Amino acid sequence: MRKVEEAEAVVLGAGVAGLTAAWLLKERGLRVRVVAQGLGGASRVPVALVNPLRGKRFTLARKGEEALEAALRFYSRFVPLHLGVYRPVPEGEREKVVSRLGGLKHTWDQGGVLLEEAFWLEPRPLLQKLSEGVGVLRSRVLAWEPPYLFLEGGGRIRGEVLVYAGGGQGAHLLGLEGRHIPGLVLLLLDYFPRAISYRVYLAGSALGGSYLPHRSDPEAPPPTEGEVEWLLRGAEDLLGYRPSVASAWRGVRFRLDPSLPPGGVDLSYLFPVEGGFALTGFGSTGFLYAPWLGERLLEVLEW
Ligand SMILES: Cc1cc2nc3c(=O)[nH]c(=O)nc-3n(C[C@H](O)[C@H](O)[C@H](O)COP(=O)(O)OP(=O)(O)OC[C@H]3O[C@@H](n4cnc5c(N)ncnc54)[C@H](O)[C@@H]3O)c2cc1C
């Protein structure tokens, strides 16, 4: 009979959610085991913005200021943070945006507002460093049957608490319903030290955005010409010229159905499930919320 591995907390998923939670649990002195098929899914995006002022409507994300503080604190321990996200503001919208800035540090110029403490980072070195710190058992999980996770090849792993952080790819294991939102990132020959974001975003050598409709499955569709053209037009509006493209990366975000599940501990991205907790369904805000929700997880576990 195969040996059963055991840990106090078993985390399914090695994206930003799972690795951040695992790191914080381990730092508390707990025996943690992370199991994942690979290092990140959506979290392998070439560049991630941590920006609490969301979208074309400039909505201040719920708990956005606290989440930004937690993100600054946590990520700065592992990778360089590129501070400053510039949000061009259309004429006539300035007053609305002023009313939505909350306590975010900012400065205005004629064309928009610079969020001084919002930032971008490179996720891959971050995932690498976190995974080296916590250790990842590379395996596909076939079933979630608390207190066990059943692994491909016949093994299983036992946790006093199980934490689901498997993003969209593993959502079926718990029957979690949500939308899968394809996004495309073009890697450019230019480099933008400061992020610019309106409709599309530019940061580092990345130009990203989401153009395609939501899907019901997590499979990544191939890039389309319409999508590339939409991104380049968006960049041209921001820069005044069309940047040259070197390559492309496709990813799929997972956003939980907002009506589900009941009883979220916080923001509905952290909620109890059979055998433990789920930390998932962030849509475009995984990097903004992972550290803050990781801290909330420690609180609810009272460890
Ligand atoms: C194009 C694009 C741009 C984005 N830009 C930003 C941004 O600027 N800022 C931001 O905050 N967010 C951004 N996001 C969203 C962000 O990437 C996600 O919110 C975040 O990465 C989700 O992280 P996660 O850890 O929940 O999931 P994932 O990164 O998808 O990780 C899931 C993990 O679970 C594992 N897994 C799943 N199923 C199984 C299984 N059955 N067995 C074993 N392992 C399994 C996977 O191997 C992986 O390790 C973007 C997303 C895309 C697609």
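Strands β10 (residues 141–145) and β11 (residues 148–151) run antiparallel and are joined by four bridges. Strands pair here if DSSP finds at least two bridges between them. Helices (H or I, at least four residues) and strands (E, at least two) are DSSP runs, numbered from the N terminus. This is a predicted model: local features need pLDDT of at least 70, side-chain atom pairs count only at pLDDT 80 or more, and totals for chains, interfaces and linings use all residues. Residues are numbered from 1 along each chain as its sequence is written.

Two residues lie between β10 and β11, which form a hairpin. Alanine 143 has phenylalanine 150 of β11 as its bridge partner. Phenylalanine 150 in turn has arginine 156 of β12 as a bridge partner. β11 and β12 (residues 156–164) are antiparallel too, with three bridges. They form a hairpin with four residues between them. In that turn, glycine 153 has a positive phi of about 95 degrees.

| Strand pair | Bridges | Direction |
|---|---|---|
| β10 and β11 | four | antiparallel |
| β11 and β12 | three | antiparallel |

**Domains**

The domain assignment gives domain 1 (1–46 + 122–177 + 257–303), domain 2 (54–119) and domain 3 (178–252). These bounds come from an automatic or database domain assignment. The centres of domain 1 and domain 2, taken over C-alpha atoms, are separated by 28 Å. Where do they touch? In domain 1, 14 residues are in contact with 13 residues of domain 2. Contact means that the C-beta atoms, placed from the backbone, lie within 7 Å. On the domain 1 side, α4 (123–134) and α6 each supply at least two residues. Helix α6 gives the most, with six residues. By class, the domain 1 side has nine nonpolar, two polar and three charged residues. Ala, Val, Leu, Ile, Met, Phe, Trp, Tyr, Cys and Pro count as nonpolar, Asp, Glu, Lys and Arg as charged, and the others, Gly among them, as polar.

**The ligand**

The ligand is surrounded by 38 residues. The closest are Gly15, Gly41, Gly170, Gly183 and Gly286. Domain 1 and domain 3 each provide at least three shell residues. The shell holds 17 nonpolar, 19 polar and two charged residues.

**Two residues in detail**

Aspartate 190 lies in strand β13. Is aspartate 190 buried or partly exposed? It counts as partly exposed, because it has 14 C-beta neighbours inside 10 Å. A residue is buried with 20 or more other C-beta atoms within 10 Å of its own, exposed with 12 or fewer, and partly exposed in between; C-beta atoms are placed from the backbone. Aspartate 190 touches Ser205 and Pro243, leaving out residues up to four places away in sequence. Histidine 172 is 18 residues from aspartate 190 in sequence and 39 Å away in space, C-alpha to C-alpha.

Phenylalanine 282 sits in the loop between β17 (276–279) and α6. It counts as buried because it has 24 C-beta neighbours inside 10 Å. Tyr269 and Tyr289 are in contact with phenylalanine 282, neighbours within four places in sequence aside. Leucine 256 is 26 residues from phenylalanine 282 along the chain, and their C-alpha atoms are separated by 7.2 Å.

Technical notes
Near = placed C-beta within 6 Å. Contact = placed C-beta atoms within 7 Å.
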